Amino acid sequence: MTDSPRSKFDHPPLSPQFCFSTRELKDFLCASRSTIDDTISQNLNALSTPSRQRFDPSSTSRRPVQSSHALPGFVCMQFTEIVLMPSWQSRSDVLNYCASVATSDDPLDPDILAERAADRERVVDERLDPYSGRFYPRETRTEVLAKVLRQERMVEEIVRERSWRVVIERCGRFGESGGWKAALEAWREKSAGSRK
């Protein structure tokens with residue numbers, strides 16, 4: 001493991017405990033989304049260069065024919081490759097890792113261990129208590145985690161779709177080819193090629 005400084009898009013160290021702590025997992029995803037995706041319009045506005053013309057008061061009396069809000073293609077490319085895609089990839093890494101944890105057996109689930117111990121000590125006399133023999137299963141940690149991951153993946157789809165729509169609006173034709181999924185896949189391939 002290298003001692004390189006962490007990027008602001010890096011995820012926390014991945015461990016099963018991180019995933020099972022659904023509050024910590026949700027906090028990371030929320031913070032990452034709020035930093036990049038929720039403020040994408042402001043981030044793109046910050047990349048826009050100020051007007052070079054002096055303000056003309058008569059310009060308020062007529063409507064411009066063409067919007068000048070489009071950013072240059074190279075600016076959009078840099079923003080998506082340096083800011084947007086690494087953030088999305090970091091969240092994908094976390095969701096994929098936690099999905100693998102959710103599909104694995106969890107022999108150390110404290111709730112399951114406590115239930116097993118209570119089951120061993122339980123004396124069932126259905127004549128005295130007809131309900132004592134019933135079993136009330138509880139969700140395991142892995143089931144709870146799987147449910148949280150399904151919800152977070154749906155949120156991620158919506159957030160990425162909305163963010164990509166803003167990129168298309170601000171960058172014109174730059175982001176129209178294939179949608180955000182194709183752009184992310186192309187970025188992954190390009191990033192994997194540059195690491196070799």
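These are my notebook entries on a predicted model of one chain.

**Ground rules.** I number residues from 1 along each chain as its sequence is written, and because this is a predicted model, I take local features only at pLDDT of at least 70 and side-chain atom pairs only at pLDDT 80 or more, while totals for chains, interfaces and linings use all residues. Side-chain values use heavy atoms, with hydrogens and water left out.

**Overall fold.** I looked up the secondary structure first. The chain has 7 helices and 0 strands. Helices (H or I, at least four residues) and strands (E, at least two) are DSSP runs, numbered from the N terminus. I then checked burial. Of the 196 residues in the chain, 30% are buried. Buried means under 20% relative accessible area, exposed over 50%, and partly exposed in between, with a 1.4 Å probe and protein chains only. Next came contacts (heavy atoms within 4.5 Å). Among contacts with a separation of 6 or more, 79% join residues 24 or more positions apart.

**Aspartate 37.** I found Asp37 in the loop between α2 (22-35) and α3 (40-47). Is Asp37 buried or exposed? Asp37 has a relative accessible area of 0%, so it is buried. I listed its contacts, skipping residues up to four places away in sequence: Ser32, Leu84, Ser87, Trp88, Arg91, Val159, Arg162 and Ser163. I also took one distance. Asp37 and Val159 lie 122 residues apart in sequence, yet 6.9 Å apart in space, C-alpha to C-alpha.

**Serine 32.** Ser32 sits in helix α2. Its relative accessibility is 13%, so Ser32 counts as buried. Ser32 touches Asp37, Ser87 and Arg91, with residues up to four places away not counted. From Ser32 to Ser87 I have 55 residues in sequence and 7.0 Å in space, C-alpha to C-alpha.

**Helix pair α3 and α4.** Two packed helices are described by the angle between their axes and the distance between the axes. α3 and α4 (residues 73-102) pack at about 130°, with axes 11 Å apart. Axes are lines fitted to C-alpha atoms, for helices over the stretch in contact, and angles run from 0 to 180 degrees between N-to-C directions. α3 and α4 are therefore oblique to each other. Angles under 35 degrees count as roughly parallel, over 145 as roughly antiparallel, 65 to 115 as roughly perpendicular and the rest as oblique.

Which residues of α3 and α4 meet? Ile40, Asn43, Leu44 and Leu47 in α3 meet Val75, Phe79 and Leu84 in α4.

**Nonpolar cores.** A nonpolar core is a set of buried Ala, Val, Leu, Ile, Met, Phe, Trp, Tyr and Cys residues joined through side-chain atoms within 4.5 Å. The largest one has 18 residues. Those with the most contacts inside it are Ile40, Leu44, Leu84, Met85, Trp88, Trp164 and Val167. α3, α4, α6 (141-171) and α7 (179-195) each supply at least two residues of this core. The largest share, 6 residues, comes from α4. Apart from this core lies another of 14 residues, among them Phe20, Leu25, Phe28 and Val148.

I followed up Met85. Leaving aside neighbours within four places in sequence, Met85 contacts Thr80, Trp164, Ala183, Leu184 and Trp187.

**Glutamate 152.** Glu152 is in helix α6. Its relative accessible area is 10%, so Glu152 is buried. With neighbours within four places left aside, Glu152 is in contact with Lys26, Leu29, Arg33 and Leu95.
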